[in-house]
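Student: I am new to this structure and would like to know what the terms used for it rest on. Could we go through them one at a time?

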Amino acid sequence: MSPTTKLITVLLAATSLTACATVGPDFKAPAAPTTASSLGAGETAPAAARLDADAANAGPWWTALNSPELDAVIRQALKDSPTLAEADATLAQSQSALAQARGVAGPQVTGNAGIARERANLQAFGFTGFGDIKLTNPTFSLYSVGGAVSYDLDLWGGNKRRIESATARTEAQGRRAEAAYLSLTANVALQAATIATLRSRIASVERMIADDQANIELIRKANALGGSTSLAKVSAASQLEEDRAQLPALQGELAAARHALAVLVGKAPADWTAPAFDLQAMALSAPVPVALPSQLVRKRPDILAAEAELHAATADIGVATADLYPNIKLSASLTQGALKPGDLFSYDASGWDIGAGLTAPLFDGGALKARRQQAREAARAASARYQQTVLTAFGQVADALSALSADENALAAHDRTEQQAGERLRLAKAAFDKGGGTMLEVIDAQRTLNAARSARARAEGQRLVDAIRLFAATGADWRTS
């Protein structure tokens with residue numbers, strides 16, 4: 001083995017060295033919260049939620065809503081949404097940054113080759129000739145090939161901490177991508193619920209209009225027999241126009257919800273039509289599984305992303321600390337140069353060097369120490385963001401649970417109101433038919449029943465919306481397989 005080969009082999013063997021020390025704090029995951037419940041003090045869980053330490057949903061969470069149309073739309077959104085395409089691209093970018101950090105920490109090998117046509121200036125070296133003989137500057141071609149290798153010994157683990165930081169940031173970006181998927185599926189389901197609710201309310205208003213028209217026909221017949229008054233006729237006509245006036249606003253809201261859903265799916269509203277979601281068909285097949293707070297912090301992607309960011313910020317302290325100390329980099333190079341290509345790889349045409357370089361900060365005006373302090377403060381900020389993310393998540397779960405409890409109570413009240421309004425209308429019609437009541441009483445009872453039906457439709461839709469929000473707040477699994 002030639003001396004050059006031996007030297008380069010020794011240098012490459014140095015790459016097996018590990019850092020003599022790894023400075024900076026080691027990351028420790030935040031302890032699980034001691035909060036024992038997702039509910040506020042004195043609150044009870046709604047029937048639509050199941051509190052469970054190992055809560056999980058079988059399959060994609062939205063299948064619990066029993067809507068094949070919703071399942072198809074969400075799957076299309078997962079495939080075509082530009083928002084998810086951006087999240088995936090950003091994650092791939094982060095993964096490339098991690099690969100770069102790992103590559104820089106390893107041995108760096110470069111190669112070079114060249115050919116040059118040169119004319120030597122002999123006079124520059126004092127050669128002008130011999131006596132009357134003058135030397136002519138020669139012209140020649142120079143061929144060269146060679147390579148170099150270098151390796152940072154990373155005495156204080158700065159590169160190791162850089163890789164740790166890049167790994168944590170890649171994990172954080174992956175969690176943010178999961179959060180984007182969860183957000184998209186939840187928003188699609190919310191728009192579907194909005195469409196279903198508006199369609200139900202429009203149907204309710206259309207029933208009101210049909211009832212109003214039936215009342216006007218009854219009044220017309222009663223007038224023909226002399227059994228009604230002009231006031232009843234005017235009141236019935238006024239109620240009809242009042243109910244008709246509700247339709248344009250509801251239809252506008254329905255169009256806007258359909259447009260919003262098209263955008264979520266990744267389509268222009270003119271190129272895609274939302275399914276006719278049915279509020280009665282979109283019903284929970286089972287209570288929403290809700291994990292305890294100690295498990296929630298291991299499920300919600302935004303919490304996991306905040307934890308990974310805290311990990312990265314902690315590793316950055318080690319990077320800044322390592323920069324305060326001296327470092328050694330080993331290097332070696334080999335160059336083959338010859339005037340003829342056939343002589344290029346001969347031993348006499350070789351040249352090499354091997355060495356170690358030491359760099360150490362001597363005076364920087366306190367910049368490196370300030371950078372380390374900056375990293376420490378960034379870690380403190382990341383810790384505070386993590387704590388705030390956890391508290392926000394707990395608050396969202398508690399809000400959704402409380403809203404569902406209120407929805408259930410409201411639906412029960414609306415059921416009773418609708419039953420009473422229906423009975424009142426039946427009695428008013430019976431009294432009018434027997435001549436013991438007025439048409440105005442019938443119209444007023446009909447108005448009360450119609451309002452009760454419309455209010456119940458809104459309450460049903462709100463319960464569905466709050467159930468979807470609870471799925472999202474608990475970090476429900478969005479995966480389709």
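Tutor: Helices (H or I, at least four residues) and strands (E, at least two) are DSSP runs, numbered from the N terminus. By that count the protein chain has 10 helices and eight strands. This is a predicted model, in which local features need pLDDT of at least 70, side-chain atom pairs count only at pLDDT 80 or more, and totals for chains, interfaces and linings use all residues. Residues are numbered from 1 along each chain as its sequence is written, and side-chain values use heavy atoms, with hydrogens and water left out.

Student: What makes a residue buried, and what share of the 481 residues is buried?

Tutor: Buried means under 20% relative accessible area (1.4 Å probe, protein chains only). Buried residues make up 39% of the 481.

Student: What makes a set of residues a nonpolar core?

Tutor: The set holds buried Ala, Val, Leu, Ile, Met, Phe, Trp, Tyr and Cys residues joined through side-chain atoms within 4.5 Å. The largest has 69 residues, and Trp61, Leu70 and Val188 are among those touching the most other members. H4 gives the most to this core, with 17 residues.

Technical notes:
Buried means under 20% relative accessible area, exposed over 50%, partly exposed in between (1.4 Å probe, protein chains only).
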